[in-house]
Amino acid sequence: MSKRKVSVVFDHFYIPDNKDLVCKARCRYCPLEMSFNRKATSNLLNHMKRKHASIPLSPFSITSEHSPSTPATCSQPQSPNKWNSNDPSQILGNQALVNFIASEQLPVSIVQSPFFLSFVQEIQPNYNVPDRKYFVNTLLDQQTSFLQNKLKTLSNTAQSVCLTVDVWNAKAFTHMTIMGHLVINYGLKSVTFSCKRSRGQDLRATVTEEIDKVLCQNNISRESIVLLNDCESQGSISLPGFQQMQMEMDSDDYTDMRIFKIEDHEDTAAYGREDEGSTPGRMRLNIQSGQSFAQALQLVVHYGLQATPPATTDALAKVSSKATQAHNVPLTSDWSSQLKEVKRILGQAEDRQDQDTNVSSVNLTPSERALLEDFVHTLQPFEEITDRLRKERVVLASLVIPSIQGIRKHLSSPTEQNHKLVVGLELALEKWLSPFEHRWCYRRATALDPRLKLRWCEGDRAQQMRQDLLALTGGADRVTQDTEDTAIYSQGQAKRRSLFPFFEDEPQEHQPETQNEAETYLLEPCIPYHHDPLAYWRANQHRFPQLAQQALRHQAIPALPVPAMYPDNAKLSDEEFEKLMFIKLNSALP
């Protein structure tokens with residue numbers, strides 16, 4: 001077939017990839033779509049001259065063996081004024097576009113939107129917007145590979161790695177996300193190693209295989225702790241009496257977070273010896289299942305609020321009605337935000353500016369006000385801990401047990417107005433939060449926090465934790481210190497405080513000499529609460545080499561669940577969804 005010249009006007013239109021002689025072309029610079037004959041280009045040229053006269057056209061410049069029916073992409077030759085695919089500016093623009101679509105959770109089809117194309121033309125006429133096929137098959141792959149290499153580099157430099165695995169059902173899909181929590185240069189960082197979605201296939205059967213894949217790809221030790229999050233299904237939690245207070249899930253929003261149990265290594269005798277008995281050359285995984293602390297805390301609030309007395313519910317309904325009228329929109333269905341609205345109306349808002357806008361038209365009787373004040377006081381520690389979990393990027397596992405003890409002590413204060421609520425919260429706490437006090441990974445993390453050490457436990461538990469630390473440093477067989485020294489290292493345990501910051505600083509002056517690093521660590525004074533525990537281990541890694549290694553391993557355990565996922569879009573294939581989510585969740589990588 002002889003070659004013939006092709007008008008460059010086709011470079012300025014999206015041409016369908018078919019053999020039809022008459023078809024429609026869409027302008028790259030405006031929303032107009034027009035019919036044309038492949039053998040004639042006069043109408044296309046006239047459109048460019050009338051509407052886009054500032055864009056230069058040359059008569060003929062490209063040769064081809066076929067008719068001009070192939071749509072232009074970043075990888076194809078473009079007009080002289082357009083960047084080619086190897087231009088540094090085009091590459092940076094493509095990376096920015098991928099991050100923009102993934103991070104803002106936009107549909108991939110936006111790259112074909114005439115309005116988006118017109119916008120880009122106005123901002124930067126030289127940028128060549130990729131078509132959907134090139135975006136999905138090339139740009140997403142490039143960005144995914146780039147981030148995977150970064151993750152591998154971070155994993156290789158990490159001093160400790162902990163994995164958390166979440167598997168759940170949402171609508172017609174099953175999701176699985178594997179997060180990595182790394183200690184790098186004595187600082188914590190969370191990343192996403194894997195994000196999977198499947199329709200019809202139960203990903204629960206492939207959890208161990210996917211974990212193995214992540215460990216191998218990133219050269220992560222199989223000794224790393226793997227937490228498998230397990231949580232009952234729940235939606236948004238509302239205060240009684242507020243709009244949308246029902247916990248019933250709409251069929252479209254149903255999410256089932258109940259996941260299966262994998263072999264649990266929480267037995268006291270086995271913990272820390274997970275590698276014993278493994279097959280030669282392949283250690284068995286150290287998988288521990290259960291809820292994350294943040295999820296369990298919300299379950300306590302959910303089930304505890306069901307015991308709210310009717311009189312308190314009526315008072316909350318009155319507040320909800322007036323607050324909704326004041327804002328002219330329904331209040332959020334989040335219980336902590338609703339509680340802040342109650343505090344604002346009661347004049348207890350922390351923000352002074354917010355305090356000045358209190359709703360004064362709420363006619364509360366003295367008894368109703370007393371009920372609400374007691375209600376707010378009862379939920380105070382739950383609100384404080386929830387706010388901290390949401391605001392801080394990293395919450396150490398060592399704060400889990402002190403938080404539970406602070407809540408328990410707060411609820412032990414006598415109350416008459418909302419006694420049933422307190423009882424309901426106490427029962428829910430023992431069901432959902434108390435198991436964390438018996439999990440060795442959290443107990444060790446707390447004991448290896450130099451702000452706390454053994455101040456959170458006493459009696460047999462304190463002695464058990466002391467023996468555990470001695471075993472980690474090879475001092476388990478040594479004769480224990482005399483009663484006087486034992487009393488000294490336990491001296492700070494009796495003066496415990498509740499609520500944040502959990503425990504106030506307590507001066508400790510006795511620093512006895514000892515040869516075992518665990519004993520020396522326990523007998524030295526705790527550091528102030530506002531100090532960074534990882535900075536302590538950086539400064540003392542040479543004094544306590546074995547404890548520092550264990551501290552880094554356990555301080556990497558997170559208290560938070562997996563981040564919010566990309567909204568389900570049935571139009572996206574599973575592969576496209578997974579790539580976009582992976583890019584979104586790792587967008588903050590350096």
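Guide: Begin with a term: contact means heavy atoms within 4.5 Å. The model here is predicted. As a case, take Trp537: apart from its neighbours within four places in sequence, Trp537 is in contact with Tyr186, Leu448, Pro450, Tyr521, Phe544, Leu547, Ala548 and Ala551.

Visitor: Which residues have the most contacts inside the largest nonpolar core?

Guide: They are Leu239, Phe293, Phe382, Leu433, Tyr442 and Trp537, in a core of 77 residues. Helix α6, residues 293-305, gives the largest share of this core, eight residues. A second, separate core has 47 residues, among them Ile110, Ile178, Leu203 and Val214.

Visitor: What do the totals for the chain look like?

Guide: The chain has 20 helices and eleven strands. Of its 590 residues, 52% are buried. The accessible surface is about 28,200 Å², and carbon and sulfur atoms hold 50% of that. Among contacts with a separation of 6 or more, 70% join residues 24 or more positions apart.

Visitor: What is the mean pLDDT of the chain?

Guide: The pLDDT is the predictor's confidence in each residue, from 0 to 100. The mean for the chain is 77, and 73% of the residues reach 70 or more. Over residues 244-281 the pLDDT is below 50, and this stretch has 93 contacts in the model beyond near neighbours in sequence. Residues 478-507 also stay under 50.

Visitor: How should I read a sheet?

Guide: Strands of a sheet pair through backbone hydrogen bonds, either parallel or antiparallel. In this chain, three strands form an open sheet in the order β2-β3-β4, with antiparallel pairing. Strands β2 (13-14) and β4 (33-37) each have a single partner strand and stand at the edges, so one side of each lacks a neighbour in the sheet. Helix α1, residues 42-51, packs on the sheet and touches β2, β3 and β4. The direction of α1 makes about 140° with that of β4.

Visitor: How many bridges join β2 and β3?

Guide: There are two bridges, in the antiparallel sense, and β3 covers residues 22-27. Phe13 has Cys27 in β3 as its bridge partner.

Visitor: And how many bridges are there between β7 and β8?

Guide: β7 and β8 pair over twelve bridges, again in the antiparallel sense. One of the bridge partners in β8 is Ser194, which pairs with Ile178. The two strands form a hairpin with two residues between them.

Visitor: What does phi tell me at a turn?

Guide: Most residues other than glycine have a negative phi, and most peptide bonds are trans. Asn185 has a positive phi, near 55°, and is not a glycine. Asn185 lies in the loop between β7 (173-184) and β8 (187-199). With 51% relative accessibility, Asn185 counts as exposed; the cut-off is over 50%.

Visitor: Is Leu182 buried or exposed?

Guide: Leu182 has a relative accessible area of 1%, so this residue is buried; the cut-off is under 20%. Leu182 is in strand β7. Beyond four places in sequence, the contacts of Leu182 include Leu154, Ser155, Ala158, Val161, Leu188, Val191 and Phe193. Ser155 is 27 residues from Leu182 in sequence, with 7.4 Å between their C-alpha atoms.

Visitor: How many residues of helix α8 are buried?

Guide: Nine of the eleven residues in α8 (335-345) are buried, and the helix is mostly covered. Among the buried residues are Trp335, Leu339, Glu341, Lys343 and Arg344. Gly347, with a positive phi near 80°, follows α8.

Note on methods
Residues numbered from 1 in each chain as written. Predicted model: local features only at pLDDT ≥ 70, side-chain atom pairs only at ≥ 80, totals over all residues. Heavy atoms only, no water. Pairing = 2+ DSSP bridges. Helix = DSSP H or I, 4+ residues; strand = E, 2+ residues; numbered from the N terminus. Axes fitted to C-alpha atoms, helices over the stretch in contact; angles between N-to-C directions. Buried < 20%, exposed > 50% of the residue type's maximum accessible area, 1.4 Å probe, protein only. Areas by Shrake-Rupley, 256 points an atom, 1.4 Å probe, with all protein chains shown as cover. Core = buried A, V, L, I, M, F, W, Y, C linked by side-chain atoms within 4.5 Å.
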